[in-house]
Amino acid sequence: MAKAASVQSKRLSKQQLAANFADLHPPLSAHEALVESDRCYFCADAPCQQACPTSIDIPMFIREIQAGHPTSAAKTIFDQNILGGMCARVCPTETLCEQVCVREVAEGKPVKIGLLQRYATDVAMREKQPYSRAAATGKKVAVVGAGPAGLACAHRLALHGHAVTMFDARKKSGGLNEFGIAAYKAVDDFAQKEVDYVLGIGGIVVEHGKALGKGLKLAQLEKDFDAVFLGLGYQGVNALGLKHEGAKGVEDAVAYIAELRQAKDLSKLKVGRHVLVIGGGMTAIDIAVQSKLLGAESVTILYRRGRDAMKASPYEQELALSHGVAIQEWAAPKKLLIKGSKVVGLKVEETALKGKKLEGTDKSYELAADVIFKAIGQNYVDVTAGALALQDGRIKVNDEKRTSRSKVWAGGDCVAGNKALTVAAVDDGRRAAESINAYLKG
Amino acid sequence: MADLRSNFVGIKSPNPFWLASAPPTDKEYNVVRAFKAGWGGVVWKTLGEEGPPVVNVNGPRYGAIHGADRRLLGLNNIELITDRPLEINLQEIKKVKREWKDRALVVSLMVPCEEEPWKKILKRVEETEADGVELNFGCPHGMSERGMGAAVGQVPEYIEMVARWCKQHSRMPVIVKLTPNITDIRKPARAALKGGADAVSLINTINSITHVDLDSFSPMPSIDGKGSHGGYCGPAVKPIALSMVSEIARDAETRGLPISAIGGITTWRDAAEFIAMSAGTAQVCTAAMTYGFRIVEEMKAGLARWMDEKCYATIEDFRGRAVPNVTDWQYLNLNYVAKAKIDQDACIKCGRCYAACEDTSHQAIMKEKDGKRHFEVMDDECVACNLCVEVCPVEGCITMEPMKKGAVDPRTSRKVGDYANWTTHPNNPMRKQAAE
């Protein structure tokens, strides 16, 4: 059985931590960007653009870089995706634009679209944003949630001349960009810099510490504003459904990442020696890799199916493996092993597919652990008290992201069908804003 | 192993690769380095008449255009002829020739357009035992403002006159270097021949301004905010040079006149193409100025390897082989019908062929089949223009497939017939009764 393990801070020196949490993909230099942009074939009806959830005109922005005008390139990006800077950092390009790049298909080496987008947006974001507001319309819109969906919506509404009030439950704007993204993907406080950049258009007031069910009521917002956009994200975290989930050492990965992202001094974070991560998505990868970078001796991801079924892309899985994280497939948590009030390990049951159904095999083994992270997904909690129609447990919207209530739109993780990607949330926000604008001007 | 030796108007060199008259051949130090690296010959940078040497600008002399990774595609210069004293140049030429007897050493000359200065300098050059002289009638900048260089090269009568003086006052082979800054390259070549020149070399550089600085609005290279046109050379000018060489090679009057080719020669392949177009030697400058002298190793090895593959024992075995195939448009076979064909296995589905054909040509490529991204040529619209072949990023993916005689062209519904050209075409109001 598990030997004594400890959860402690200062596993690594500050210098080591700084090195570990440096930029995952260093940005391209100006010359590298020129050379890389020259690799783009400027395809007709480019597959990359079709694969982009925000339909950025990728061949055009790359051509603009090639022609020596990265700020024009950034404008092409921002026209579709005002959070193009963050998306350049966090988009799983290997499963979107770069996966269908004809050079990926032809030679296994796609044009580095993500890095080129980052180059262009980095250059542009050194200056003021290129947009100015239309004349004030006198219309007021409430945007609830200052995450990617809310920010994109608010920006587009402000652009059209509407007055936006944005509410957020937390003390800072940015949503998952600020609290959820792995630290090495958004270094140098980029999330906040981007929020400031987006808000730079003017006409957007942000009120922190307010959320639906926490000082805000949907009915009141509908009365006070001409339209409402909900970018609520997820509020709940899925549970394992095991005994002792509240024991010391059983942690919610999302909450820990939020703490990590807000930590001014990473060496003060408490880090386990032997860490288990339960789950197969991006959050599982992010917490596993970051645990390793924080100094955990061993980190193992347990996933109940095979690796090919993981939501995390092969690229992300590779990232974890290359950081020394082990991935254990066909492994389901069976029982939390507790000593005193602390977790000391996990009993794991081997799983197998029976036909299409995943079943336990009754074969089990025990793994020692001092920290077990739950990363088995998040869920939407209906904070509107049944005011909005739901679909598959999330808010039901039409193509224009309008909900069942005529003055209410919604987007991002809280709506049915959203793919839980930053870029998809941005697309929802922009589309909703265009629909709201048409409604307000109609 | 192929024999690369060259005998150009009696000037012998171990290989046909010469360094052209330019900065790389301005002094003993560079020329000796070049010979050590394996160059077959050099044309020493142009000497002027005795007296205070010319001066150069003290700011930038070069401008260039680049590919994406700073590959130098075209180079422009505003440097003049040698700015070193005549005496020193002559001493060095004599010394180098004595030490490198197996290499070609030709001296480029440019003096005022009067008989006496030419007579005088030829005598001095002869004393160095150099192998020959090249008359610089091509330099398009600076010297031309003083009635020399291209100012002479643009007047065939002057070319003939000076060439004649040179043959009269010297026993050395005389090569006339031609300027491309002229409408019809055959005129100066004919004049050189008439004047008794042994050969021509071409092309000299082309008038050019590489860019304009969009902040200062100065042409580049900028000398204190002003710029002057320079001479353009490098890979970008090769097609122009190749065409001009072909014009002289197939002109009834100049056919057979020895040609030393110059213009963007960068690899063995470029040299082989010029030789196939009848050139006897290949002069190189920009490639050496970009990469250093060592490139001659690749040139020699590449040319020899290709000659071995083709079973050409000597340069003469393939020299001029392309010339008979250069003809006038009017003699091209209008009954040669081809269709573009896209190799679906090689196609990477970028759609550049589609964009080019749909937007700018003949709407002969489809972009979708059975709801899928698919690029295919529609033979009933394809005029075989070759644009799709040239814009396709995958070499060999799109090919031009000639149609067999007797087959029906689905575009015109006409049968592919025997050779017939414009001269007898019914649409030609000037048509002849019989084909050529």
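Visitor: In which loop of chain B is Ile203(B) placed?

Guide: Ile203(B) sits in the loop of chain B that runs between strand S10 (199–202) and strand S11 (206–208), and please keep in mind throughout that this is a predicted model.

Visitor: Which peptide bond joins Leu202(B) and Ile203(B), cis or trans?

Guide: The general idea is that most peptide bonds are trans, just as most residues other than glycine have a negative phi. In this structure, the bond joining Leu202(B) and Ile203(B) is cis, with an omega of about 10°.

Visitor: Where is Pro221(B) placed, and what is the omega of the peptide bond from Met220(B) to Pro221(B)?

Guide: Pro221(B) belongs to the loop between strand S13 (219–220) and strand S14 (230–233) of chain B, and the peptide bond that leads from Met220(B) to Pro221(B) is cis, its omega being near 0°.

Visitor: Turning to helices, at what angle do helix H5 and helix H6 of chain B pack?

Guide: For a pair of helices, one reads the angle together with the separation of the axes, and then the handedness of the crossing. Helix H5 (residues 156–168) and helix H6 (residues 186–194) of chain B pack at about 25°, and their axes are 7 Å apart. Angles under 35 degrees count as roughly parallel, and H5(B) and H6(B) are therefore roughly parallel to each other. The crossing in which H5(B) passes H6(B) is right-handed.

Visitor: Which residues of H5(B) and H6(B) make the contact?

Guide: H5(B) contributes Pro156(B), Glu157(B), Ile159(B), Glu160(B) and Ala163(B), while H6(B) contributes Lys187(B), Pro188(B), Ala191(B), Ala192(B) and Lys194(B). Sorted by class, the contact of H5(B) with H6(B) has six nonpolar and four charged residues, and no polar ones.

Visitor: How many Å apart are the axes of helix H15 and helix H16 of chain A?

Guide: The axes of helix H15 (residues 282–294) and helix H16 (residues 314–322) of chain A are 9 Å apart, and the two helices pack at an angle of about 20°. That angle makes H15(A) roughly parallel to H16(A), and the crossing of H15(A) and H16(A) is left-handed. On the H15(A) side the contact is made by Met282(A), Ile285(A), Ala288(A) and Val289(A), and on the H16(A) side by Glu316(A), Leu319(A) and Ala320(A). By class, six residues of this contact between H15(A) and H16(A) are nonpolar, none is polar and one is charged.

Visitor: H15(A) also packs with helix H14 of chain A, so to speak in a second pairing; at what angle do H14(A) and H15(A) pack?

Guide: Helix H14 (residues 253–262) of chain A and H15(A) pack at about 50°, with 10 Å between their axes, and H14(A) and H15(A) are therefore oblique to each other. The crossing of H14(A) and H15(A) is left-handed. From H14(A) come Ala253(A), Val254(A), Tyr256(A), Ile257(A) and Leu260(A), which meet Thr283(A), Asp286(A), Ile287(A) and Gln290(A) of H15(A). The residues of this contact of H14(A) with H15(A) comprise six nonpolar, two polar and one charged.

Visitor: How many residues of chain A are in contact with chain B?

Guide: Eleven residues of chain A are in contact with eleven residues of chain B. On the side of chain A that touches chain B, helix H2 (30–37) and helix H8 (102–107) each supply at least two residues, and H8(A) gives the most, with three. By class, that side of chain A has eight nonpolar residues, one polar and two charged.

Visitor: Which domains does the domain assignment give for chain A?

Guide: The assignment for chain A gives domain 1 (7–21 + 238–376), domain 2 (38–124) and domain 3 (140–235 + 380–441). Taken over C-alpha atoms, the centres of domain 1 and domain 2 of chain A are separated by 33 Å.

Visitor: What is the mean pLDDT of chain B, and over which residues of chain A does pLDDT stay under 50?

Guide: Chain B has a mean pLDDT of 96, with 99% of its residues reaching 70 or more, while chain A averages 95, with 99% of the residues scoring at least 70. In chain A, pLDDT stays under 50 over residues 1–5, for which the model has twelve contacts beyond four places in sequence. The model as a whole scores ipTM 0.84 and pTM 0.89.

Conventions:
Residues numbered from 1 in each chain as written. Chains lettered and ligands numbered in written order. Predicted model: local features only at pLDDT ≥ 70, side-chain atom pairs only at ≥ 80, totals over all residues. Axes fitted to C-alpha atoms, helices over the stretch in contact; angles between N-to-C directions. Helix = DSSP H or I, 4+ residues; strand = E, 2+ residues; numbered from the N terminus. Parallel < 35°, antiparallel > 145°, perpendicular 65-115°, else oblique. Left-handed = near helix turned anticlockwise from the far one by under 90°. Contact = placed C-beta atoms within 7 Å. Nonpolar A, V, L, I, M, F, W, Y, C, P; charged D, E, K, R; others polar. Domains from an automatic or database assignment. pLDDT = per-residue confidence, 0-100.
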